[in-house]
Amino acid sequence: MGYSSWSDEAYRSVSRKRASRSGSEIFRGQRSIDPLMDPKALGIAGTREARDSEHHPESVPIIVAFDVTGSMGHIPTMFAQKLLGKLMLMLVERGYVTDPQLLFAAVGDAVVDNAPLQIGQFESGLEMDMWLTRIWLENGGGDAPESYLLPHWFAAHHTAVDSWEKRQKKGYLFSIGDASNKPLDNAQIDRVFGYRPAEAVQDRAVIDAAAAQWEMFHILVSNRGEIPDTLQQHWRDLMGDRILVLHKTESICDVIGVTLGLQEKRLSEADARTTLEEADVSQTDIQAILKTAILKTVG
């Protein structure tokens with residue numbers, strides 16, 4: 001997938017019509033998961049592919065996984081209304097990433113939700129918006145922990161990308177949420193993907209498997225005030241320093257864009273700071289974000 005090209009003009013034409021629409025209208029009032037986004041359709045060996053092409057010879061796969069439980073459903077709505085265009089302006093027009101291919105995913109609770117994981121395709125053009133708006137905003141989640149590592153399992157076991165296979169260059173995975181992580185187990189993988197792993201699933205092993213081919217960041221976000229230190233520590237225990245703490249959900253695309261620009265060495269730290277200041281991110285958050293965004297994993 002990912003053979004077309006991004007058109008900002010085409011996206012603006014689509015997004016203008018959504019400015020005053022509700023999330024239910026934008027996401028077509030789905031009442032169940034779109035079969036094309038159901039991980040079970042992949043089977044045990046199926047993959048989502050991000051491949052090079054004549055127009056995109058150095059594809060860079062990027063997974064953006066939204067928490068769609070409770071109040072977090074407003075974030076994909078904002079992306080559909082305006083933030084996707086802003087993010088692609090940073091990546092394509094400003095050149096932060098060579099040949100980006102985006103895949104949107106939606107995350108819930110692997111125990112109680114009907115659609116704990118929804119996955120699109122890697123796309124370079126306006127097709128990514130089509131997959132974005134196929135997400136079912138289930139508004140699920142039975143308790144505070146959500147199954148945030150489901151996209152990491154997907155990335156580790158169900159992706160095939162030329163960036164890694166040809167160039168040993170890692171892709172990027174951004175998970176977004178406001179709660180703690182619910183540990184995965186074999187029964188949850190069976191329920192979500194339709195097969196039971198041979199060995200016991202452990203969160204540390206899931207993260208390590210994904211990290212072999214993906215640069216991973218978790219955006220811990222809240223518009224409701226302070227994010228508890230205990231919650232931040234919970235995520236650091238899981239993912240080390242790869243936590244981007246943000247108190248302004250409207251600035252998520254700025255954080256993703258800046259992180260990618262710094263990781264790809266196509267953005268200076270000074271320009272990254274200016275971008276985040278213009279997005280009205282607090283100085284405290286900026287300091288922490290910049291410190292995290294310049295990190296590189298080993299291997």
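**Aromatic rings up close**

Author: Ring pairs link F66, F79 and F104 into a cluster, where rings of Phe, Tyr and Trp (the six-membered ring for Trp) pair if their centres lie within 6.5 Å, with planes under 30 degrees apart called stacked, over 60 edge-to-face and the rest tilted. Please keep in mind that this is a predicted model, in which local features need pLDDT of at least 70 and side-chain atom pairs count only at pLDDT 80 or more, while totals for chains, interfaces and linings use all residues. Residues are numbered from 1 along each chain as its sequence is written, and side-chain values use heavy atoms, with hydrogens and water left out.

Under the pairing rule, there are seven aromatic pairs. F66 and F79 have ring centres 5.0 Å apart and planes at 70°, so this pair is edge-to-face. Because F66 belongs to strand 2 (residues 60-67) and F79 to helix 3 (residues 74-93), the pair ties together parts 13 residues apart in sequence; helices (H or I, at least four residues) and strands (E, at least two) are DSSP runs, numbered from the N terminus. F66 has 1% relative accessibility and so counts as buried, and F79 is buried at 0%. Here buried means under 20% relative accessible area, exposed over 50% and partly exposed in between, using a 1.4 Å probe and protein chains only.

Another pair, F174 and F217, is stacked, at 5.5 Å centre to centre with 15° between the planes. F174 sits in strand 6 (residues 171-177) and F217 in strand 7 (residues 214-221), so their pairing ties together parts 43 residues apart in sequence. F174 is buried at 0% relative accessibility, and F217 is buried at 0% too.

Now for the tryptophans. R134 lies over the face of W131, at 4.8 Å from the ring centre; a charge sits over a ring if NZ of Lys or CZ of Arg is within 6 Å of the ring centre and within 35 degrees of the ring normal. W235, in helix 9 (residues 229-239), is buried with a relative accessible area of 0%. Leaving aside neighbours within four places in sequence, W235 is in contact (heavy atoms within 4.5 Å) with Y148, A179, S180, N181, H218, L220, G240 and I243. W235 and E146 are 12 Å apart in space, C-alpha to C-alpha, and 89 residues apart in sequence.

W153 and F154 are among the buried residues of helix 5, along with L150, P151, H152 and A155. With six of its eight residues buried, helix 5 (residues 150-157) is therefore largely enclosed by the rest of the structure.
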